[in-house]
Amino acid sequence: MAQTLFEKVWEQHVVHSAEGEPDLLYVDLHLVHEVTSPQAFDGLRLAGRTVRRPDLTVATMDHNVPTAPGPADPVSVRQMEALARNCAEFGIRLFQTGDIAQGIVHVIGPQMGLTQPGMLIVCGDSHTSTHGAFGALAFGIGTSEVEHVLATQTLPQEEPRTMAVTVEGDLPSGVSAKDVILGIIARIGTNGGAGHVVEYRGSAIRSLSMEGRMTVCNMSIEAGARAGMVAPDDTTFAYLEERPHAPTGADRERALDHWRSLATDPGATFDREVEIDAAELSPCVSWGTNPGQTAALDGVVPESADEAAERALAYMGLEAGTPIREIRPDTIFIGSCTNGRLEDLREAAAVLRGRRVREGLRALAVPGSMRIKAAAESEGLDEVFRAAGFEWRDAGCSMCLGMNPDRLAPGERCASTSNRNFEGRQGKGGRTHLVSPAVAAATAVAGHFCTPADLEGVR
Amino acid sequence: MRPFTTHTGTAVPLDRSDVDTDQILPAEHLKRVERTGFGPFLFESWREDPDFVLNKKEHLGATILLAGPNFGSGSSREHAVWALEDHGFRAILAPSFADIFRNNCMKAGLLPVRLPSETMRTLMDAVLEDPATPITVDLASRAVSAPGVEAAFEIDDFTRWRFLEGLDDIGLTLRHAEAIDVHEAARPSWLPIV
């Protein structure tokens with residue numbers, strides 16, 4: 001029977017299946033970080049259990065780490081020390097601060113070649129959906145589930161439904177992967193993917209780089225989806241070539257045969273299908289307090305349709321009808337597991353070269369991993385950011401969430417390449433506008449939301 | 001986990017949609033390495049407003065949360081569930097839940113109950129009218145009752161059984177240890193090891 005990409009990967013990981021029970025799935029890679037793991041390790045100790053496959057488990061520190069010189073707060077230190085102790089006790093490889101391999105958990109997995117097509121990957125973090133860009137089934141889990149995977153290398157899960165989001169056509173100039181996913185969420189809603197695994201399809205998706213596909217899959221959870229996936233193709237295989245953990249020689253040939261067999265079969269059906277014309281997408285900016293509340297950069301803050309929108313406008317300090325271009329942020333944040341990869345930094349730097357950040361603005365560039373930082377520096381991108389007036393930081397989750405020293409003050413407005421514009425997400429009272437790296441960079445220069453094209457002639 | 005059979009209590013009416021886990025428990029409080037003690041930080045930002053529903057003295061001691069659609073969206077933090085439990089909630093009634101949040105509730109023993117929007121509206125209005133309205137969640141018979149309300153809810157047999165017995169998932173999974181060994185032995189050689 002014709003199957004979807006998701007159905008194939010799911011079926012290949014079922015360890016046990018019984019009527020009326022969730023399927024038991026085998027986990028190929030378990031990513032661990034400091035925030036959602038301490039109570040899981042405690043649970044193992046209490047029950048006298050061990051980690052079944054430490055060799056399929058990798059840990060890093062990202063949420064809490066300061067990205068500028070200076071100490072972390074004592075509570076953060078306690079959490080990072082707990083992870084170091086737990087990894088030592090249970091024999092798990094840990095990339096801690098100071099290690100060149102340290103970085104945001106969803107950035108380092110793909111970078112090292114640990115993320116491969118057809119794998120089942122979990123992590124105690126909702127943005128685990130990022131890894132679906134490779135045709136892996138990857139989703140976020142809670143701490144009880146982290147403990148379950150540590151102990152058994154498996155996870156009982158109800159089989160989600162399937163959904164196809166097809167974006168057909170050529171993306172208009174200036175429309176990035178971030179605009180694609182924000183456009184999708186604005187159309188299907190923050191609950192639009194609930195209970196489903198989304199497969200992103202169509203020529204516009206195929207045309208994206210691996211970095212772009214990761215940006216799209218990363219934000220699947222913001223549409224409520226369990227996971228997002230893109231079928232592996234030559235772009236995927238080229239990205240994986242010569243990554244440290246990717247297969248080589250005869251193994252690569254066998255792996256390629258398998259990877260090529262994963263794409264959705266002709267004639268396979270989805271429980272739900274959404275089609276979007278690429279030509280209708282445009283650079284966009286979120287105006288509210290969930291990622292579905294997004295408008296075209298060319299547009300205006302919309303009239304509030306309901307009480308939730310009204311509350312969002314009040315929190316954001318915005319009035320309906322205000323042109324998006326007239327909104328002036330105080331802070332620019334380029335980074336996160338959504339847009340902290342080398343390609344993102346290149347895009348932003350291309351806009352910033354020879355230009356200056358508008359006076360009075362605070363601007364941060366935070367690479368997603370220390371290796372990305374090193375790679376960016378070898379291209380001289382750090383010089384471009386610094387010369388423009390950006391702070392050039394070490395790797396971490398940084399201002400994506402208020403768990404480390406990088407945060408917004410109450411009322412502060414931020415153009416952010418991260419993934420969530422929830423109330424207080426970047427610091428209590430902070431106001432977040434989600435944008436692409438190119439828009440963030442152009443906005444830094446102009447002092448109000450704009451695209452790189454708006455900057456013609458602006459220094 | 002603590003078994004759940006039937007529970008009667010008063011409720012807090014949180015009449016908002018899309019309440020995300022950053023609101024339930026802000027990220028700065030995720031730094032504890034213990035599983036307890038999150039209750040004081042539940043809905044922290046909103047609780048700065050003395051009129052916020054959780055601050056009202058008539059809702060003190062409530063054990064059931066009435067919520068709007070898509071409750072628990074966003075981050076996978078199970079800490080949000082722990083904070084709700086730590087505050088004293090035993091069940092959450094809503095028209096719909098975000099997937100990961102609902103999963104986390106079921107692991108931690110906080111019962112998520114999906115009810116039709118109209119039923120939720122009736123319950124919400126009843127509690128807004130009279131905060132002392134008692135609500136009973138009976139898992140054995142899969143029903144929610146309150147004065148003037150009798151509503152059945154759906155929950156699959158397996159999940160219901162786990163809640164009724166208070167069963168630990170790891171123990172259940174280890175019944176299939178042999179199947180795990182078999183699957184593991186057949187995994188392709190190219191798959192990465194760390």
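Which residues have the most contacts inside the largest nonpolar core? Select A:Val180, A:Ala348 and A:Ala441 to find them. That core has 149 residues. Keep in mind that this is a predicted model.

**Stop 1: around A:Ala348**

Stay on A:Ala348. Leaving aside residues up to four places away in sequence, A:Ala348 touches A:Ile334, A:Ala365, A:Pro437, A:Ala438, A:Ala440 and A:Ala441. Now move to the second core, which is separate and has 48 residues. Select B:Leu25, B:Phe89, B:Phe97 and B:Ile135, which are among its members. In soluble globular proteins, nonpolar side chains tend to be buried together.

**Stop 2: chain A as a whole**

Zoom out and show chain A as a cartoon. Chain A holds 16 helices and 19 strands. Its radius of gyration is 21 Å, close to the 23 Å that the globule rule gives for 459 residues, so chain A is as compact as a globular protein of that length. Of the 459 residues in chain A, 60% are buried. Look at the contacts in chain A with a separation of 6 or more: 74% of them are between residues 24 or more positions apart.

**Stop 3**

For one example, select A:Met163: its bridge partner in strand 10 of chain A is A:Val198.

**Stop 4: where the chains touch**

Show both chains. The contact takes 64 residues from chain A and 47 residues from chain B. On chain B, helices 1 (21-24), 4 (99-108), 6 (157-165), 7 (169-173) and 8 (177-185) each supply at least two residues to the side that touches chain A. Helix 4 of chain B gives the most, with six residues. The side of chain B that touches chain A divides into 18 nonpolar, 15 polar and 14 charged residues.

**Stop 5: helix 4 of chain B**

Finish here. Is helix 4 of chain B mostly covered or mostly exposed? Mostly covered: nine of its ten residues are buried. Including B:Asp99, B:Phe101 and B:Met106, the buried residues also count B:Arg102 and B:Lys107. Step past the helix to B:Gly109, where phi is positive, near 95°.

Note on methods: Residues are numbered from 1 along each chain as its sequence is written. Chains are lettered from A and ligands numbered from 1 in the order in which they are written. This is a predicted model: local features need pLDDT of at least 70, side-chain atom pairs count only at pLDDT 80 or more; totals for chains, interfaces and linings use all residues. Two residues are in contact if their C-beta atoms, placed from the backbone, lie within 7 Å. Helices (H or I, at least four residues) and strands (E, at least two) are DSSP runs, numbered from the N terminus. Ala, Val, Leu, Ile, Met, Phe, Trp, Tyr, Cys and Pro count as nonpolar, Asp, Glu, Lys and Arg as charged, and the others, Gly among them, as polar. A nonpolar core is a set of buried Ala, Val, Leu, Ile, Met, Phe, Trp, Tyr and Cys residues joined through C-beta atoms within 7 Å. A residue is buried if 20 or more other C-beta atoms lie within 10 Å of its own, exposed if 12 or fewer, and partly exposed in between; C-beta atoms are placed from the backbone. The radius of gyration is taken over C-alpha atoms; the globule rule is 2.2 Å times the number of residues to the power 0.38. Two strands pair if DSSP finds at least two bridges between them.
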